[in-house]
Amino acid sequence: MDIADEQVSPDARVPLSKYPFVIIRRVARAPSYVTAGLSVGVFVCILFLFTPPGFFHGFGHRPGPGPGHPPPPKWRWPPLMNDNSPKPKLSGVDWNARAENVKSSFLHAYHGYEKYAMPADELQPVSNGAVNNFNGWAVSIIDSLDTMYLMGLHDEFERGLAVVKTLDFRKHDKGVPFFETTIRYLGGLLSAYALSHDFSLLQAADELGMALLPAFNTSSGFPMFAVTPSSGITSGSRYGWLAEIGSFQMEYKYLAKLTGRKAYYDVAQRVTSRLNTINLEHYPGELLPAAWFVDEGIPGGDQVTIGAMADSGYEYILKQWILTNFTEFDSLNLYKRTIGAYLNYGLYLSPGRNLLYVTDFTAQSPSRRFEHLSCFVPGLLALGAETNVLPEQHLSSQERQVHVWAAKGLAISCAAMYNDQSTGLGVEEVVFLNKWEYQAKRDARAGLVTSTGSPSSEIVRKDQENLRWMNVLQAWQNGEYKVASDEGSQMKGSATGQGIVPGLRYPPLPVEDKPEDREYTYRQRDYRLRPETIESLFILWRTTGDEVWRELGWRIYLSIEKECRTPSGYAQMNDVRNASLGLQDSMPSYFLAETLKYLYLLFSDDSLLPLDKYVLNTEAHPFPIFSWTDWEKTKFGIS
Ligand code: DMJ
């Protein structure tokens with residue numbers, strides 16, 4: 001569903017903005033040869049009118065080998081949302097060629113790993129060194145076997161498989177982190193098995209799943225941070241994070257499905273049930289907090305976040321519902337409650353460009369931090385808003401509309417965190433200014449002394465509350481929302497009521513090309529080759545069919561090629577604002593598992609991985625959607 005379809009209100013007097021529809025109706029009544037001729041003409045005009053300068057630059061272009069390659073031209077936003085214009089079709093783009101570009105990038109990175117680092121965990125792409133930072137089980141191979149399979153890289157897949165066959169996880173006598181081992185190794189083995197049906201992969205997954213089971217030896221059933229496979233001894237703090245305790249159920253439920261082992265189902269369902277039933281009335285919207293006491297299975301702090309430390313905990317709620325073919329009603333209800341509450345409490349508009357962002361908060365206040373890690377949220381919202389995932393009886397059309405708006409608005413902001421930077425790469429973490437800080441910044445830039453003085457904390461709090469997206473949406477729906485004059489020309493004239501949805505569109509970025517004028521400050525300036533923004537662009541492409549999401553992904557890809565490529569692989573960047581500050585000697589396995597996979601899927605045909613047949617774990621490992629058989633229901637006690 002596109003926002004353009006959602007906003008047309010009936011009006012007897014035809015306002016100026018509706019003229020295009022009147023013309024279209026009249027043309028539709030004309031003879032067919034007139035209609036056909038006009039359609040072609042109108043389409044070509046629209047394409048050029050709404051195409052930003054430089055949009056077609058680089059079509060069919062193969063990225064060069066890194067430094068020296070010209071940067072993509074600065075992006076000017078096309079009118080994207082709710083503007084009643086047809087979506088621009090990027091005719092002439094050879095998406096298959098772009099997918100091939102990504103495949104060759106994967107080969108460059110993976111061959112570099114094979115040459116300099118295999119069978120260690122990860123390549124050090126600057127020094128051509130190797131590092132064992134995830135148990136020393138060749139995480140770059142296992143994490144990326146399914147990427148190879150999807151890309152049709154059978155030789156690489158077979159070579160990787162040969163290494164996997166030499167591993168014995170059970171003999172490992174050091175503690176391994178439960179969460180990372182589950183999402184990268186167990187998830188990687190399971191999805192590689194699902195795609196290839198090579199039985200040795202399932203055998204390895206079963207051995208690993210079994211070796212990790214002692215992690216659940218706590219009175220609550222929440223997993224401990226680490227477990228030693230050879231002894232079953234657990235270690236780590238008794239204080240855990242939501243992501244660590246709540247992002248393993250997909251892997252263990254699928255493993256239960258494949259092996260018939262009840263123990264796998266039990267450990268997963270115990271945590272899912274606990275998160276569903278625990279009393280959270282002290283948290284805004286009864287949201288799941290970030291920190292938990294592992295033994296007691298109770299919350300341990302007042303911070304609520306959907307970013308670092310909690311992210312996949314929220315993700316797995318919806319994805320368990322999908323994985324089990326829409327039969328786990330507890331997970332469905334928990335998703336509806338938590339995502340609804342997060343939309344209410346955790347989304348804000350920035351001053352200045354009206355960027356929609358998601359942040360963490362306590363009962364007292366939002367932190368206004370915006371993390372790259374939370375850029376998976378637009379994709380999660382878009383996935384949940386699909387009618388086959390949450391049909392009308394579970395998500396009303398109004399709720400669905402808000403979810404889609406939030407998904408698109410947040411995705412734009414995530415992409416803007418790339419587009420704003422001179423390198424075109426996404427910043428790890430920023431903090432949005434409040435209204436007063438932004439005003440003071442602008443005054444200082446204009447050489448003015450801020451005349452307003454220091455506002456009281458109560459005024460600052462109220463003004464921030466006025467930027468809470470749900471409050472703004474309410475005001476907009478009541479026709480009370482006024483666009484501030486500095487939000488730019490595209491916003492004017494349709495600022496209230498049925499006009500542009502707040503946060504969904506913002507003007508071109510002339511001012512924000514200058515870092516000193518932006519409405520945020522930098523908290524962590526590096527780019528870590530992370531996938532989340534591309535993941536959301538991929539899901540938005542699949543769920544809307546709007547090629548603008550693909551084009552945004554292509555721009556990110558070109559920037560990665562230009563700035564991060566080294567002779568042996570790809571490296572994280574120290575400062576997205578300044579390429580001369582150099583690269584870090586690290587190529588995380590998730591770059592192969594997620595970033596390049598999502599880029600490849602974004603440019604490939606939908607049939608390569610249909611989302612009505614597969615759901616991806618938090619490390620981008622696709623698992624087939626399945627139903628429990630009667631035998632499994634009886635054995636596992638599924639009602
Ligand atoms: C990945 O390892 C997983 O997606 C995890 O859930 C959090 N993010 C990293 C990559 O950024």
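I call a residue buried when its relative accessible area is under 20%, exposed when it is over 50%, and partly exposed in between, using a 1.4 Å probe and protein chains only. By that rule I noted Cys564 as buried, since its relative accessible area is 0%.

Some ground rules for myself. This is a predicted model, where local features need pLDDT of at least 70, side-chain atom pairs count only at pLDDT 80 or more, and totals for chains, interfaces and linings use all residues. Residues are numbered from 1 along each chain as its sequence is written, and side-chain values use heavy atoms, with hydrogens and water left out.

Next I looked for disulfides (cysteine sulfur pairs within 2.5 Å). My search of the whole structure turned up one. It links Cys375 with Cys414, at 2.1 Å from S to S. Cys375 sits in the loop between strand E11 (369-371) and helix H13 (377-384), and Cys414 in helix H14 (residues 397-419), so the pair ties together parts 39 residues apart in sequence. Helices (H or I, at least four residues) and strands (E, at least two) are DSSP runs, numbered from the N terminus. I also found both Cys375 and Cys414 buried.

Then I turned to the backbone. I found a cis peptide bond from Met118 to Pro119, with omega near 10 degrees. Pro119 is in the loop between helix H3 (95-116) and strand E1 (122-124).

Ala138 has a positive phi, near 60 degrees, though it is not a glycine. I place Ala138 in the loop between strand E2 (129-131) and helix H4 (139-151).
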